[in-house]
Structure formats: C-alpha cells, structure tokens
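Please look through the sequence and the model shown below. The report that follows starts from a single residue and then widens to the chain as a whole.

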Amino acid sequence: MSNRSRLTVAVGDWSARHRKTAVFGWLLFVVLATTLGSMAGTKNTTDADNGVGESGRAVHALAAAGLAQPAAESVFIQAQGFTATDPRFHAIVDASVAAVEATGRVAQVQSPYTSGALSADGHSALVEFVMTGDPDTAADRVQPVLDAVAKVQSQHPEATVVEYGTAGATKEFNDTFNSDFAGAEWTAVPLALGILLIVFGALVAALLPVVLAVTAFTGAFGLVALTTRLVPTSSDASSVMLLVGLAVGVDYCLFYLSREREERAAGKDPHTALRIAAETSGHSVLVSGLTVMVAMAGMFLTGIADFRAMGVATIVVVLVAVLGSLTVLPALLSMLGDKVDRLRIPFLGRRRPSPEGGRLLAPVLRTVLARPLISALVATLALLGLAVPVLGMHTAQLTAAQELPSTNAVVRTGEQIAKAFPGSPLPATVVVRSSAVGDPAQTQAFAAFKRAALATGKLHEPITEAVHADKGIAVISVTLDGTGTDAPSVAALNVLRGQVIPATLGKLPGAEVDVAGDAAASVDFSNQLSHSALPVFAFVIALAFALMLISFRSVVIAITAALLNLLSVGAAYGALTLVFQHGVGASLIGARTVGAITSWLPLFLFVILFGLSMDYHVFVVSRIKEGHDQGLDTKTAVARGIGSTAGVVSSAALIMVGVFAIFGTLSVTSMKEVGVGLAVAVLVDATVIRGVLLPSVMTLLGERNWRRSERHTGTVAPQRPAAGERPGAGEDSAEDAGEPVAAG
C-alpha cells in the first residue's frame, strides 16, 4: 500500500470510528467559515490591482496622485424628426443637463453645444459628465442618475434620451451577472441530483454527494472571503469557484460512494467495503485534488490580480471538497450502512458494471482494439481539425456592454452611439507626466497632439484635456475608432501610441506618457498573458508529467498523458473560437458573437483542464495497470480496464458536462465561454480521448507502456478477481475508483 493510500485509509478508518465527531465537526466548520466570512466581508480587485503594462502604469500614476480616473458617463440624445439646431432639441439637452446635475452625484457636465459632441447629421448629441467619488464603486451610486435620465425620457417621448457609460454598463452587467449566478446555483444542483438518481437508483445515495458538494462550496466561499484581505477576489473567481466546486465535489463523492456500494454488492462486510473504498477511490480523490490545486497555483505566475483570485478560489474549494470526501463521507456511510440504498426509484434498479464497457462503449472499444492504428489516426486528425481555428484566435478584455446579450438596452444604446459617433464610446486616456505640465510648452504640445490625432482619421473628437499643474500631470481623453476592444480600436490605439504621442507629447521635457482605457487595458492584458503563458504551460505540463511518472513509474505513460491532454485542450480552444469569434452555431446556444475570446479564459482553461483530466486518467490507467500486473497482456488489460471503468467515467463526465453546460446558457458572454469550453473539453476527454485514443495508443505501444515501471503488491483487503483473471492484484489495483452501479 502506498503512503497516500495509507493516509486515505487511516482518515477513513478514523472517520468511521468517530462518526459523530466527523459529521458534526464538518457542519461546525461550514457554519464557522460562512459566519466568519460574512463578518469579514469581501474585498474585490480594482482597476489598479488588475492594471498591467503601460495602461497599468497610467492607472497607478493617477491613483498615486489622487487623480483616479472617474467613471465617464453620457446622456445620449437622438431625435429623428428634428436636429440639434431646433429649439425642441435644445430643450431636451438643457433638461438632461439639469437632471443629472440635480442628482448631486456627477461633475464636469458638458453640454454638446459647448463640447462639440454633435453627430454629423445633427440628429444626435452627447451630454458628457463623470461620476463623483471612487470610480471602482461608481456602479453602486449610478441609479439616481439613471432614474433622472429616465424621467427626462418620459417627459420627451419625441426623442431617445438614455444614459450610457462605464458606471451604467457595469451596474447592468453586475445585475445580470448576479441573476445568472443565482440561477446557475438553483439549476446545477437539481441537475446533478437527477443524474445521480439515475446512477444510484436511490434517493439517499444520490443526495449524499449533492449535500456534501453544496456544503463544501458554502464553507469554501466563507474561507475565500477571509483570504481577500491578502488576495482580493472578483466576480469571475466566484463563478469559477461555484462551477468547479459543484463539479469536483459531486464527482469525488461519486467515486467514493460507488466503490463502497460495489464492494457491498460483492459481499464485503461494511467495514471492509469502506476500507477498500478509502484505499482506491480515496486515493484517486486525493491525487486528483492535489493535481488540480497545484496546477491552479500556476495562476500566480501570471502576475495578474484576477488570475490570483481565481487560483485562490479554486484551490480553496477543491481542498474543502477533498477533505469532505475523505472525512465526512465515510462517516456518513458508516452511520447509514445499507440504509444508503433507501428510497429506491422504480425502474432504476442496480446494474452491475460490465467489464466490456456496456452496450454503448463495447462495440466502439472492440473496433478500436481491432484497428488501433486507424482509430488513433482518425481520432487525432479529428481533434487536430477541431483545433485549427485556434491559429486565428483573438483574445480581448470584454467590455461590460460586450458581456451582455445583444438584446440588452445598454448594448443597443452602445450600438446607436457607435453609429451616430464613429469611434469607441469608451475613450482612451493619455496620462502625461512632465515638468512642463502647466507651461506654454505643454499647451502647444496638446494643440499639436489634437491636430495630429484628428489627421490620422482613426482618432476623433471629443478630445479633452485636464491639467493638474501642481502634480505635474495632464490627462487627455481621446476617442478611438471601433467599439472599444475590437480590431479598429486596437489599430487606432497603435497609431496613438506609436505615431501621435512620440511626435507631440513625447517631446515635452522629461515626458512620461502612458495610455490607459479599455482598448489599452485589453491589449496590455493580452500581452502580459502572452509573456506569462509559456512559464504557466511549462509548469502545468511538468506537473502532469511528474504526477503520472510518480503514479506509474513509466515515462511512456507520462508522455502519453500530457499529449492526450493537449489534444483535448486544443479541441476546446477550437470550439470556443468557432462559436464566439466566428459565430458558428452561436445562435443554437443563444451566444453573442463578439469577435474575441475573453482574455483570461484560454490560460484558465489550460490550467483547470489539465488538473481535472488527471482525475479520469489516473483512474482509468490504474485499472489497466492492475490487469497487466495480474498477468494480462496489454491489449486485454486495456480492454478490461477501460470497459470496467466506463460507468464511473461516463457518470462523472455527465455531471461535469451538465454543470458546465448550465453556464453555457447564462447571459454573460464570458460565463458562456467558460461553460462551453469546459463542457466541450470534458466531453472530448471522456469520449474520444478515453474511449478511442487512450486504448488505441496503449495497444499500439504494447509492453513499451510499462518500461521502467515497478510492480508492487499489497492491498487493504483481498479483491475479487474478474472471471479469467488470477488473484493477487498489485497495489496499483487500488489506485482507481469504483464504477457506478448504473454503468453501461
């Protein structure tokens, strides 16, 4: 028995002997973590925390000078029947200016008649202003402004009068996100319960994994709140924690409970069945959990606050899920005994696992093993074909408007503004630090900057400047082409940074000029990810390789695992690019084509998928190695190992795919991308990878799979050999989890 197996057996034995202590201790932990987390409150990441590169320097410079860029807002006014020269239009503008000023929450209100923010056709105008106070919390204070503008709209139905800007869009995004988040919680839990009812055929058995997963997530949420004073969290981290927590929490309990029930059905006494489950499934849960946690530690190598937040959230929720599976679950199983099969569901009776893989997998597996080379080539080419779109993947930090559905009022307003005023409604911010700020030289440089910017045809009015001579800083706002983070906006940003600024503002004495804003932040964020991707990828791949090498002492198996995981990740990337960048099949899932993948997703998917896929891989290959150690040839061991594990893999994958797919139905674009990416990857991993590529590749490699492997013996209890096998399974036979009773 390995040291890790000894650990899981010892923990399981202790929990079974101290059942009440384990159960009530778990409940106390959840209550305390939740209570303390609520009392401590949650600190979220800010723009300054997430700032990187040139845009990060600009944001930090403003924050250090006490000039944090306020949330820019505007009132969009459009009339089809008359133009801005009409007194009726002028009255609407005046009413809008008065309404927003009366709220007491805005500053720097500019009429379009003085700022020049009038459309070329004269039918549209922008009343521009900024929110007072902390820009990071402006969304929490913008509602009175929205109400004031809505009142003007009701008084002037002959025109369109709507508020648009950072705070308003962020508030709409937060409201939509919170609504989606609550809906996902209430949908994912019943879905997992329904799948488990089919798997186990009994309500009590199905409820155990769900209850433990929910309590684990609840406790983890409280713990994460306690950590936010050191590592601020984010809304993305909360979503990821729910997504991963429910999926792994249910799956880990499924492994453990399935094996215990299998051993009881085989005639083992309750104590022995629990010890076998602890040694086998408990070991798999521990290895899988450690892999996910260490893999997620790679997120810290990015140097980005949101990634650190997601890393901490995922590590905490997986850690709590593992602890619950290894402690309170065996305690509950010991308390319930055979009562775990109570409240059986008619027509969902227990099925014994089939060593051939059941009705669905058996014919596929026979074909694969009969023609392994052709099967491997076809599967590999199919996955590589699906991955081809990755070559043209474009990533960007999605704006709040891009995150929302195309039917949303904020999105429609943004489109109207973009049409009336070519250029992004979210301008770039140029931060100038120079000893010449406030001098005539700076005034001349700004005039030259404005002329050069407009001459490019990619930078537009309004171009405004705020001079803070006492701090040696000037802040310039300039409108870019495009919608904020799309290709025209990026092209305009490159012209601004590479041509206009060096020829004008950059010539000021000792000038330091940095550009911030949505487009700049998106480009700098993507560049930071590009620079950190290689160390993160290397870290995770090396980890996966080391895990497989330690588990199976075979370089061949370790290399195979890494390559197969890369194929499943590539397929997920390709599917994301097709749907969200090119719009292929987007309407089928209600997705909005925004022309980009949210910047943080590819790296996050790579890390989390490598961790999660090790769960299935260790489980399946362990059973294959068990057969080989019993004397079976590789081909027979592959057939027996994959066939006998098909049930638990398919059930666990179905739960994960179901939970992830729920996020693919949500309104927020980034959450849709997360759900689709994870669902596709897990589906590919559980079907094409485990059902076709793994058996075909291992069959082709034959005995080469086991070179430099060491065989070990010893289990906690004698195992019943399958028909035609000799007894005496080695220790590696204990490294898998049991199959669910509904296998096949």
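Serine 568 has its place in helix α21, which covers residues 555-581; helices (H or I, at least four residues) and strands (E, at least two) are DSSP runs, numbered from the N terminus. At 4% relative accessibility, serine 568 counts as buried, where buried means under 20% relative accessible area, exposed over 50%, and partly exposed in between, with a 1.4 Å probe and protein chains only. Not counting residues up to four places away in sequence, serine 568 touches Ala681, Val684, Asp685 and Ile689.

This is a predicted model, in which local features need pLDDT of at least 70 and side-chain atom pairs count only at pLDDT 80 or more, while totals for chains, interfaces and linings use all residues. Residues are numbered from 1 along each chain as its sequence is written, and side-chain values use heavy atoms, with hydrogens and water left out.

Threonine 429 lies in strand β6, residues 428-433, and glycine 165 is placed in strand β4. Contact here means heavy atoms within 4.5 Å.

Strand β1 itself, residues 72-78, is mostly covered, since six of its seven residues are buried. β1 also pairs with strand β3, residues 124-131, in the antiparallel sense over seven bridges, and there isoleucine 77 stands opposite alanine 125 in β3. In a regular strand the side chains alternate between the two faces of the sheet.

Among the helices, α13 covers residues 328-336, and within it Val328, Leu329, Pro330, Ala331, Leu332 and Leu333 are buried. Just after α13, glycine 337 takes a positive phi of about 60°.

What does the chain look like overall? The protein chain contains 24 helices and 10 strands. Its radius of gyration is 30 Å, close to the 27 Å that the globule rule gives for 744 residues, so the chain is as compact as a globular protein of that length; the radius is taken over C-alpha atoms, and the rule is 2.2 Å times the number of residues to the power 0.38. Taken along the principal axes, the C-alpha atoms fill a box of roughly 95 × 50 × 45 Å.

Of the 744 residues, 57% count as buried. Among contacts with a separation of 6 or more, residues 24 or more positions apart account for 79%. The chain exposes about 28300 Å², of which carbon and sulfur atoms supply 62%; these areas come from the Shrake-Rupley method with a 1.4 Å probe, and for residues only the protein chains shown count as cover.

Key: Two strands pair if DSSP finds at least two bridges between them.
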